[in-house]
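Reader: I would like to learn how to read a model like this one. Please take the features one at a time.

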Amino acid sequence: MARVALRNVTKIYPGGFQAIKGIDFEVGDGQFCVLVGPSGCGKSTLLRMVAGLETITGGDIDIGGRIVNQVEPADRDIAMVFQNYALYPHMSVYNNMAYGLRNRGMGEAEIKTRVEEAARILELGAMLQRKPGQLSGGQRQRVAMGRAIVRQPKVFLFDEPLSNLDAKLRIAMRVEIRKLQRRLKTTSIYVTHDQLEAMTLADMLVVMNSGQVEQIGNPLDIYQKPATTFVASFIGAPPMNLLPIRSDGIKAQLPGATDGGILGIRPEDFVVSNDAGKGVAFDLTVEAIERVGAETFIYGAREREAQAVTATPGELPSGEVIVRIPGAEAPGIGQRIRAVAPRDRLHLFSADGRKRIDL
Amino acid sequence: MENRALFAGKLLPCLLILPQLAVSLIFFYWPAAQALWQSFLVQDAFGLSTEFVWFENYVNLLQTPEYYQAIAITLIFSALVAFFSLALGLLLAVMANRNIRGIQIYRTFLIVPYAVAPAVASVLFIFMFQPGLGMIARALQRNGIDWNPVLNGTHAMILVVIVAVWNQISYNFLFFLAGLQAIPKSVIEAAAIDGARPMRRFWTIVFPLLSPTTFFLIIVNITYVFFNTLGIIDTATGGGPNGATETLVYKVFQDGKVGTDLGGSGAQSVILMVIVVALTAFQFRYVEKKVHY
């Protein structure tokens with residue numbers, strides 16, 4: 001068990017590409033930290049730097065009070081679960097788990113105890129003599145986990161471990177991983193591009209974008225108070241509506257809002273109502289309806305000047321607003337509705353989207 | 001999965017396989033049948049009369065001590081060539097499988113020797129190892145080694161082994177490199193995190209995962225040494241001195257072409273054919289099916 005600290009860590013590839021642009025954060029002892037961001041944001045590179053699989057161009061990585069910049073992966077006392085599991089295909093499940101222990105010169109009796117304990121926790125007992133090729137995806141995933149836990153390392157590193165599983169298994173394994181980590185109390189760093197996985201697993205969430213940290217915090221804080229429009233649109237599904245504040249209806253309804261700012265409203269914060277009350281009201285024409293069962297999403301077009309801000313992961317057509325309503329009711333397509341967002345649920349950002357402005 | 005082409009009639013598929021069949025028949029089956037037929041015949045010294053003698057040629061062959069010497073030489077020769085060409089090919093492939101500047105250039109140059117005809121390679125090495133003339137031979141002599149492949153059977157064997165190995169390394173290198181690149185990088189990384197040092201990583205992870213390639217190459221190399229080293233031996237040593245480098249295939253050539261004992265040579269060819277068929281069958285039956293993980 002250990003604390004992991006990153007101090008102004010940078011990574012520049014020989015070609016000059018700067019993958020990591022100075023990252024600082026600290027994962028407390030026993031904490032579950034999730035690095036989340038879109039593809040190519042550098043989250044996997046950062047994890048591999050912690051593992052020792054990528055060199056560090058600048059800054060320090062500290063595991064348990066020791067700077068490990070020059071330390072071999074084997075000597076960092078970490079275990080990693082890879083996206084494709086990276087099991088040794090020619091070894092049985094037992095030997096896959098025992099390999100790391102044998103390399104460290106542990107006695108066979110102790111190895112047996114540890115592997116059997118891990119197999120019991122992960123329900124792999126019946127498969128110890130099988131080869132990885134004879135296992136299903138979920139079972140391979142569990143062997144990869146087993147290989148990590150038998151070592152009893154200071155830190156677990158997870159590189160998108162669930163992305164090769166089907167949706168149902170992914171949810172089950174997500175819960176398993178969380179339970180296992182709570183039980184073992186091992187400091188963990190987990191990389192994913194799936195914001196739902198990130199929200200549900202993390203004690204501490206690090207949102208990354210193009211080699212930089214956008215925001216660090218606990219998942220709910222980040223959800224409720226995103227620091228930038230990037231975070232606002234990346235965390236939460238469907239994404240937050242981001243609308244420019246110009247000399248139009250929005251500005252009139254928002255006394256004190258600066259010109260050129262960006263207004264953010266989560267789809268679930270809207271209420272379909274004729275009473276504007278103490279909020280901001282939009283008149284929308286319903287363009288599409290998505291019924292998910294428990295809830296329904298309305299894609300509506302704004303009446304007049306209608307241009308949403310395109311924040312990178314937002315992917316909303318300009319002028320479109322998403323409104324979430326309970327599942328039972330739904331307006332017809334082409335119908336006109338009025339969606340109202342209460343004032344205390346609004347998010348306000350500077351014009352470049354880099355700064356949150358408190359109302 | 002059904003992965004076959006379907007044809008409406010029978011004419012087109014027959015026409016399509018005809019060229020391949022014709023090549024096989026004319027260049028493989030016909031000579032093979034002739035060798036088989038010849039192996040049952042004895043001709044007098046002037047070629048005037050031919051007699052059908054059943055297995056007499058085979059019986060004679062198996063009573064000649066030289067034939068057993070040729071078998072022993074072939075086994076030693078093929079073991080040495082297969083071992084060194086595989087080991088060196090693997091070593092070079094491991095070296096060339098790293099991310100270093102200009103790696104493409106190294107890889108290309110490592111493949112080039114395969115394009116050199118065996119006889120040409122042989123001539124180059126004869127020059128280098130020529131006692132009194134060759135630079136390597138003279139260097140050896142300066143260092144007190146009385147190098148002389150023309151008189152010393154062991155030296156002659158070393159010379160043909162070097163030529164054959166040099167010729168075969170590129171081929172093995174290419175397959176080993178492809179094999180190495182097919183090993184997922186994350187498996188190696190997982191082993192590194194699991195505390196395996198590079199040497200241990202190689203022997204416990206990389207080498208076992210390469211085993212399908214290795215077994216394939218062992219068979220191919222043995223087949224190569226058994227049958228395709230005729231040119232090398234003929235140019236380098238001519239089977240000498242005193243039969244020290246006379247392998248089975250060279251003896252076929254020597255007895256048939258030079259000694260004009262067509263019956264005995266035919267019998268030897270048939271035995272060689274049986275060996276290659278056995279090797280190929282072994283490869284298909286066991287190597288391609290059983291060596292996987």
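Reader: How many of the contacts in chain A between residues at least 6 apart in sequence join residues at least 24 apart?

Author: Two residues are in contact if their C-beta atoms, placed from the backbone, lie within 7 Å. Of the contacts in chain A between residues at least 6 apart in sequence, 67% join residues at least 24 apart. This is a predicted model, where local features need pLDDT of at least 70 and side-chain atom pairs count only at pLDDT 80 or more, while totals for chains, interfaces and linings use all residues. Residues are numbered from 1 along each chain as its sequence is written, and chains are lettered from A and ligands numbered from 1 in the order in which they are written.

Reader: What pLDDT does chain A average?

Author: pLDDT is the predictor's confidence in each residue, from 0 to 100. Chain A averages 86, and 91% of its residues score at least 70. Over residues 305–315 of chain A the pLDDT stays under 50, and the model has 34 contacts beyond four places in sequence for them. Where pLDDT is low, the predicted coordinates should not be read in detail.

Reader: How many helices and strands has chain A?

Author: Helices (H or I, at least four residues) and strands (E, at least two) are DSSP runs, numbered from the N terminus. Chain A has 9 helices and 19 strands. Its C-alpha atoms fill a box of roughly 75 × 45 × 35 Å, taken along the principal axes.

Reader: Into which domains is chain A divided?

Author: Domain bounds come from an automatic or database domain assignment. Here they give domain 1 (4–224) and domain 2 (238–357) of chain A. The C-alpha centres of these two domains lie 38 Å apart.

Reader: Which peptide bond is cis?

Author: Most residues other than glycine have a negative phi, and most peptide bonds are trans. The bond that joins A:Ala237 and A:Pro238 is cis, with omega about -10 degrees. A:Pro238 lies in the loop between helix H8 (229–234) and S11 of chain A.

Reader: Where is A:Glu160, with its positive phi?

Author: A:Glu160 is not a glycine, yet its phi is about 40 degrees. The residue sits in the loop between strand S7 (155–159) and helix H5 (167–184) of chain A. A residue is buried if 20 or more other C-beta atoms lie within 10 Å of its own, exposed if 12 or fewer, and partly exposed in between, with C-beta atoms placed from the backbone. A:Glu160 is partly exposed, because 19 other C-beta atoms lie within 10 Å. A:Lys185, also not a glycine, has a positive phi of about 55 degrees. It is found in the loop between H5 and strand S8 (187–192) of chain A.

Reader: Is A:Lys185 buried or exposed?

Author: A:Lys185 is exposed, because 12 other C-beta atoms lie within 10 Å. In chain A, buried residues make up 41% of the 359 residues.

Reader: In what order do the strands of an open sheet run?

Author: Two strands pair if DSSP finds at least two bridges between them. One open sheet of chain A has 4 strands in the order S2-S1-S4-S5, with antiparallel pairing. Its edge strands, strand S2 (18–27) and strand S5 (66–67), each pair on one side only. Strand S4 (residues 58–63) pairs with S5(A) over 2 bridges, and A:Ile67 in S5(A) is the bridge partner of A:Asp62.

Reader: How many residues lie between the strands in the hairpin of S9(A) and S10(A)?

Author: That hairpin has 2 residues between the strands, and A:Ser210 takes a positive phi near 35 degrees. Strand S9 (residues 204–209) and strand S10 (residues 212–217) of chain A pair in the antiparallel sense over 5 bridges.

Reader: How many residues has the largest nonpolar core?

Author: In soluble globular proteins, nonpolar side chains tend to be buried together. A nonpolar core is a set of buried Ala, Val, Leu, Ile, Met, Phe, Trp, Tyr and Cys residues joined through C-beta atoms within 7 Å. The largest has 144 residues, and those with the most contacts inside it include A:Val34 and B:Val163. Helix H7 (residues 153–181) of chain B gives the most to this core, with 14 residues.

Reader: How many residues does each chain bring to the contact?

Author: The contact takes 19 residues from chain A and 15 residues from chain B.
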